[in-house]
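Hi everyone, thanks for making time for this.

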Amino acid sequence: MSSLNLYDTKSRKVSSFKPIKKGEVGIYLCGATVQAPPHIGHIRSGVNFDILRRWLITSGYKVTFIRNVTDIDDKIIHKAGHEEITWWQVAAKYERVFTDAYNKLNVLPPTYEPRATGHITQMIELIERLIENGSAYAPGNGDVYLEVKKVKDYLSLSNQKLDDLLVADDADLKFKKDPKDFALWKAAKKGEPSWPTPWGDGRPGWHIECSAMAHSYLGESFDIHGGGLDLIFPHHENEIAQSNAAGFSFANIWMHNAWVTTSGEKMSKSLGNSLQVNEILKEVRGIELRWYLGSAHYRSMLEFSFEALAESATAFRRIEAFLSRAESILGKEAGLLIADEFAKAMNDDLAVPQALAFIAESMRIGNSAAEDKKVIAKTAGEIRGALSVLGCDPKDEAFAATQSNNDAIDGLIKLALEQREAARLRKDFAAADQIRDQIASLGITVEDTTNGPRWSY
């Protein structure tokens, strides 16, 4: 089996993955800011990095996967005022909605899921360290800032120049040594949540949260830090800056998934084109939405449309139908196999499109094998092995409820086919044709075989 190669945003090249500790991998993924229900742009990140995690586990690694929850933020405070509830009620409410969406799309639970508000002590300790070594300063108004000009290689992730950065005109400028310095801690404002510190009551800046939590769970250095492209600047740049200033080497590899777009624009609430997961799941099953979101390469933009989603769902149902036929021929479920060709695709920076091409070819071979149980067992096993890594194995217990529905549908269709066969035996061909046409009107194809009729979407 070939070795895993991954693209590193910082070095801008694909190279062989070598974990810090043999056989173990530490991953930190920037999770949700829980101020609203998730749209599919949010969940794509969860699916993409879940595929990475599953492939690492399949490859024999022990994976520690951290996905944080930002439960204190300007947006959360604003939403609390809008909904006339407390900030922590907003956070708890939407954290549950995110968790439900992850579960419905079979995203594995993280090893640990730290909340920002549960790690204020660690943030204060990190800020104290930065002040003590001269990297940060407290101007006396309750704020604390990182002095970016003292940070070596600042902006190396986004490849920008410090002098080219635009500076927002805000009230904090008078307290900063340089307009480009960013807040590690923010002084308390009237009516907002706050915590006591040596510099006065306040709350954390966004960036310090992830540095403190990553350090707490993965140590001063770890293997992979992930997130969406929109987090490269300023969030990930500032995570690197404050962590390096504290003396931590931090993440070895930076991986970023591309956006889900609609009409060529990044999906966001501000554009008004957000598509919430719970609404889309009224149109397709969770396994079908996951298949669609995971189908493009993680570094490629995914242009969303309901037409494309429907086509993807139909294609996935064909795979399910093949596995169902294989099970009926074999008399049992096919075992999970990892084919060399699939492994080669996944080891090439998670080349999922090539992996899907392998699945399609395996299905073609299996469908052409007639009743050859050896060929069918091999192809079905390889397809199930691939689907398991992609988180889309129909036999996965996460989709058990959906599978029960499929079994019920299967039973109803088989009953109709039995009625059609009975009509043919009594030579009532008009009735048989009518049943066939009614089944076809539902988008179901009936195939007459030596073992009796079979159906597929």
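**A short tour, starting with the rings**

Let's begin with a cluster: Trp55, Phe342 and Phe358 are linked together by ring pairs. Before going on, please keep in mind that this is a predicted model.

How many aromatic pairs are there by the rule used here? The count comes to 13. One of these pairs is Phe98 with Tyr102, which is tilted, with 6.3 Å from centre to centre and 45 degrees between the planes. If you want to find the two, look in helix H3, residues 87–104, where Phe98 and Tyr102 sit four residues apart, about one turn of the helix.

Where do the two partners come from? Tyr292 belongs to helix H8, residues 286–294, while Phe304 is in the loop between strand E13 (302–303) and helix H9 (306–330). They are 12 residues apart, and the pair links distant parts of the chain. Tyr292 counts as buried at 4% relative accessibility, and Phe304 counts as buried at 6%.

Rings also turn up with charges in this model. Please find Tyr137: the charged end of Lys177 sits over its ring, 4.7 Å from the centre. In another case, Lys266 lies over the face of Trp259, and here the distance to the ring centre is 5.7 Å.

Next, let's move to a strand. Strand E7 covers residues 182–187 and is mostly covered, with five of its six residues buried. Which strands does E7 pair with? One is strand E6, residues 144–146, which pairs with E7 in the antiparallel sense over three bridges. In that pairing, Leu146 stands opposite Phe182 of E7. Another is strand E8, residues 202–204, again antiparallel and over three bridges. There you can see Lys186 opposite Arg203 in E8.

His207 is placed in helix H5, residues 206–218, and it counts as buried because its relative accessibility is 9%. What does the side chain of His207 make a polar contact with? The partner is the side chain of His235, at 3.1 Å.

Our last stop is Val63, in strand E4, residues 62–67. With 13% relative accessibility, Val63 counts as buried. Which residues is Val63 in contact with, leaving aside its neighbours within four places in sequence? They are Val25, Ile27, Arg53, Leu56, Ile57 and Thr111. Take Arg53 from that list: Val63 and Arg53 are 10 residues apart in sequence, and their C-alpha atoms are 7.1 Å apart in space.

That's the end of the tour.

Key:
Residues numbered from 1 in each chain as written. Predicted model: local features only at pLDDT ≥ 70, side-chain atom pairs only at ≥ 80, totals over all residues. Heavy atoms only, no water. Buried < 20%, exposed > 50% of the residue type's maximum accessible area, 1.4 Å probe, protein only. Contact = heavy atoms within 4.5 Å. Phe/Tyr/Trp six-rings, centres within 6.5 Å; stacked < 30°, edge-to-face > 60°. Lys NZ or Arg CZ within 6 Å of the ring centre and 35° of its normal. Polar contact = N/O pair within 3.5 Å; in protein donor to acceptor, adjacent residues only side chain to side chain. Pairing = 2+ DSSP bridges.
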